[in-house]
Amino acid sequence: MPPSRWTRPTQSGDEMTVANLTDDGIHIEGLRKRYGAGDTAVDALKDVNMRVAPGEVIGLVGPSGSGKSTLLKCLGAVIEPTAGRMTLGGEVIYDGAWKARDLRALRRDRIGFVFQAPYLIPFLDVTDNVALLPMLSGRPNAEARQRALELLGALDVAHRARAQPSQLSGGEQQRVSIARALANQPPVILADEPTAPLDSDRALAVMRILNQMANQYRTAIIVVTHDEKIIPTFKRIYHIRDGRTYEEAGEGRPID
């Protein structure tokens, strides 16, 4: 049996709970995605409900074919949902139809993406890989590069600022990809299996970084994962099964 839907985790102190989340992070209500029509129609998403607070990192888990990839594509404005409502960073981007007029600008400026593979541009050095998105958004080159250097410093890879991607270790490449995702200060980051190719130490290091960055920049982060090494680090986890979401409290183990 899946966990009960909308189970509220018990947390103490000043920590965020489901009850006091606002629309400033990620808020999804009744999201559906249907492919095809008539007898051949397939409902990839049937009833997705999710809230992620600014500064929170949550896990999204589920078997193959459960709808994880479809949900991430809807959130990333790559494919259009069939019904429902999505709010990202306080802006309603979908409510029965797209409300954002420029989806390319939305993806560039308001959503950061971290993938299983870093996908760095091989002919640009590390600084320019991170600075490229702010430059495309219209920031002056010097300002964009300064922002890149600040992020690389925060992620302990500033010493590789002039290196080519091929000169980096796998862990360094993933840190640069996280810096790139943060370059435009998006309110939302979608991370798709970011630790899959990493050993335990590096996987936990990536999760430590994501939590630090979420806290520092008040970014709402969803991590899609099958990686059992990192699942105990989440305070909240959403399971997706047969196109529906179910929430449970995670262990929230400290990441030393």
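In β4, R32 has A83 as its bridge partner. The model is predicted: local features need pLDDT of at least 70, side-chain atom pairs count only at pLDDT 80 or more, and totals for chains, interfaces and linings use all residues. Residues are numbered from 1 along each chain as its sequence is written, and side-chain values use heavy atoms, with hydrogens and water left out.

Me: Over how many bridges do β1 and β4 pair?
Reply: Helices (H or I, at least four residues) and strands (E, at least two) are DSSP runs, numbered from the N terminus. Two strands pair if DSSP finds at least two bridges between them. β1 and β4 (residues 83-88) pair in the antiparallel sense, and the count is five bridges.

Me: Which residue in β2 is the bridge partner of L31?
Reply: β1 (residues 26-35) and β2 (residues 42-52) pair in the antiparallel sense over seven bridges. They form a hairpin with six residues between them, and G36 in the turn has a positive phi of about 80°. In β2, the partner of L31 is V48.

Me: Is R110 buried or exposed, or in between?
Reply: R110 lies in helix α2 (residues 103-110). Buried means under 20% relative accessible area, exposed over 50%, and partly exposed in between (1.4 Å probe, protein chains only). R110 has 25% relative accessibility, so the class is partly exposed.

Me: How far is the backbone oxygen of G89 from a polar atom of the side chain of R110?
Reply: A polar contact is a pair of N or O atoms within 3.5 Å; within protein, one must be able to donate a hydrogen and the other to accept it, and residues adjacent in sequence count only if both atoms are side-chain atoms. The R110 side chain reaches the backbone oxygen of L88 at 3.4 Å. For the backbone oxygen of G89, the distance is 3.1 Å.

Me: What span should helix α6 have?
Reply: The expected span is 1.5 Å times one less than the number of residues. α6 (residues 200-217) has 18 residues, and its end C-alpha atoms are 26 Å apart.

Me: Which residue just after α6 takes a positive phi?
Reply: Within α6, the buried residues include A203, M207 and L210. Just after the helix, a positive phi of about 55° belongs to R218.
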